[in-house]
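Please report on this model.

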Amino acid sequence: MRRTSLWIGAILVGINVAVALLTLVWLPYDPTAMAGGRLQPPSWAHWAGTDRLGRDYFTQVMIGARIALTVGIGAAALGGLIGTTLGVLSAFAQRGIDDALAATLDILIAFPTLLLAMLVVAASDGASLGTAILAIGIAMSAILARLVRILTKRVLAQDYITAARCSGLGWGRIVLVHVLPNIAPTVLVAIALQFGLAVIAEASLSYLGLGAPPPNASWGQLLQSAQSTVYNAPIGVIAPGLALMALVLGINFLADGLRDLLDPERGAA
Amino acid sequence: MSLISLRDVQFGYGGQPILHDVSLALEQGESLGILGESGSGKSTILRLMLGLARPDQGVVEADGSVLDIRSRPRMQAHRRFVQPVFQDPYTSLDPRMKVRRILTEPHVALDLPGDAGAEAARVLDAVGLPADSLDRYPRAFSGGQRQRIAIARALIARPRVLLADEPVSALDLATKVRVIELLTELARDITLVLVSHDIAIVAALCPRMIVLQQGRIVEGGATRHILRAPQHPYTQRLLASLQHMPEETP
Ligand SMILES: Nc1ncnc2c1ncn2[C@@H]1O[C@H](COP(=O)(O)OP(=O)(O)O)[C@@H](O)[C@H]1O
Ligand SMILES: [Mg+2]
């Protein structure tokens, strides 16, 4: 059962990764050039039809996969790094500092990602892929930091940590060889789930014009431009919508399968 | 000269006093039992002896000098001098490390002489576990076997003193007996400090004992004398209650 979810997840995510990599070297059509009539329905020549300007829509959905993964990976890496560092530090911090950090994280978590994104955009030269990654990464790091803090505290209370101290290990080494490996399974699963949320968040930001500008359009932006013509050309909404769903579902399945695979009570002995 | 001693030690966690005027001395070859109710401060005494915490007042002396836990070289030497064994064998081994890694970790970190792999094999043999245990994870072992691994890890540094905090109270009766046999054997070369609820274990392993009540030593001396004629009313009550439940686990 869990194996199945791992496989489904791996296939869905794998297809997305393959398509994203493919777009780097090959595209069916030039994404900026007119390739046919306007708002054409799907055909053999144009699998997802064409948009208002007659550009091949499937090509744009393919590029969207690359944008989505870039944002997901970027935000997950940023959020994972900051979140883990803050979480571990706060688990070690003195009571007062730890409390202050915990309160800050709670506020940051309650703070809407959208508002954060607007602030980041306002503070930089306008919306770009980078601002989207930064905003989503910061929001993600707060959630991960809170999780890492609790997990780290739990590990630090174990007798094998005291044993390690009595074996002459410094705190840095203890974090590296005892804490991180023991919190890794749970944190990795959380990061995978956050990855899925990041892809959705990016779509929402793009939809509102806070994402990457064209021609590197993300699925959110495709959805937004297609909404005015949804009755004439529903494929404009269906194609990026399905792609988004497949990727997020795939990531969630993968996270679920990963959780089981990394369970220390069940992993390979 | 004593191996380890506490002199007029006061200690508390965040202002809350836990130990009051504790003085004791561990002599070479005279294993010491610490008896006392849960929460009386037994584990705290062991933490001070291990140098995991510093007394608020008074001093801990080990191997002939005052223990300064802020001095790294002093602590490295202390780690080779005294090693702990904990109560719960399920949390005292890192589930993500193979036994080989668990046993060689102190060897590497304390920069001990000899080959780490050979030393791991030596201590594994000393606690009566087969050599192929090295390539397994802790989950492959029973509670008693895990406790043997924890004891093996403590032996890597060839310490003079072994601090055992309720080392068998999480084990079932048959396993308990075998681990006590192992500790008895080890106590011929290493001086034990043994925290236990079980008066029979203290009697079997420790020629000397102290009784702790709410952070104060209320009685101390030769185990035989205390068991035969406890002086303090608290000790009398403790012995009476323990005799009703000889197999008590906390
Ligand atoms: N890390 C800690 N922080 C605050 N209080 C503690 C801590 N560890 C132990 N205590 C308190 O110190 C007292 C003595 O604890 P301990 O030495 O573990 O007793 P024992 O080992 O005899 O059961 C208890 O009241 C316990 O609640
Ligand atoms: Mg205790």
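## Helix packing in chain A

H3(A) and H5(A) are oblique to each other, because their packing angle is about 140°. Their axes lie 9 Å apart. The crossing of H3(A) and H5(A) is left-handed. H5(A) also packs with H4(A), residues 113-123, at about 135° and with 9 Å between the axes. H4(A) is therefore oblique to H5(A) as well. H4(A) passes H5(A) in a right-handed crossing.

Some terms. Axes are lines fitted to C-alpha atoms, for helices over the stretch in contact, and angles run from 0 to 180 degrees between N-to-C directions. Under 35 degrees counts as roughly parallel, over 145 as roughly antiparallel, 65 to 115 as roughly perpendicular, and the rest as oblique. A crossing is left-handed if the near helix is turned anticlockwise from the far one by less than a right angle, and right-handed if clockwise.

## Basis of the model

The model is predicted: local features need pLDDT of at least 70, side-chain atom pairs count only at pLDDT 80 or more, and totals for chains, interfaces and linings use all residues. Residues are numbered from 1 along each chain as its sequence is written, chains are lettered from A and ligands numbered from 1 in the order written, and side-chain values use heavy atoms, without hydrogens or water.

## Chain A overall

Chain A has nine helices and zero strands. Helices (H or I, at least four residues) and strands (E, at least two) are DSSP runs, numbered from the N terminus. The C-alpha atoms of chain A fill a box of roughly 75 × 45 × 30 Å along the principal axes.

UniProt, in an unreviewed entry, places "transmembrane region" at several spans of chain A, including 7-29 and 160-181. Such annotations may be inferred rather than shown by experiment. Residues 7-29 of chain A are 83% helix and 0% strand, with end C-alpha atoms 32 Å apart. Residues 160-181 of chain A are 82% helix and 0% strand, and their end C-alpha atoms lie 13 Å apart.

## The largest pocket

The largest pocket has a volume of about 560 Å³. Of its 15 lining residues, A:Ala91, A:Phe92, A:Ala93, A:Gln94 and A:Arg95 are the closest to the centre. Helices H2 (57-92), H3 (95-110) and H5 (129-156) of chain A each give two or more residues to the lining. The lining divides into eight nonpolar, two polar and five charged residues.

A pocket here is an open set of points on a 1 Å grid over the protein atoms alone, where a 1.4 Å probe fits, with protein on both sides within 12 Å along at least five of seven lines; lining residues have an atom within 4 Å of a point. The volume is the space filled by probe spheres set on the points.

## Chain B

UniProt places "domain: ABC transporter" (unreviewed entry) at residues 4-239 of chain B. That span is 37% helix and 26% strand, and its end C-alpha atoms lie 27 Å apart.

The axes of H5(B), residues 143-155, and H6(B), residues 173-186, come within 10 Å and cross at roughly 15°. H5(B) and H6(B) are therefore roughly parallel to each other. Their crossing is right-handed.

Note on methods
Nonpolar A, V, L, I, M, F, W, Y, C, P; charged D, E, K, R; others polar.
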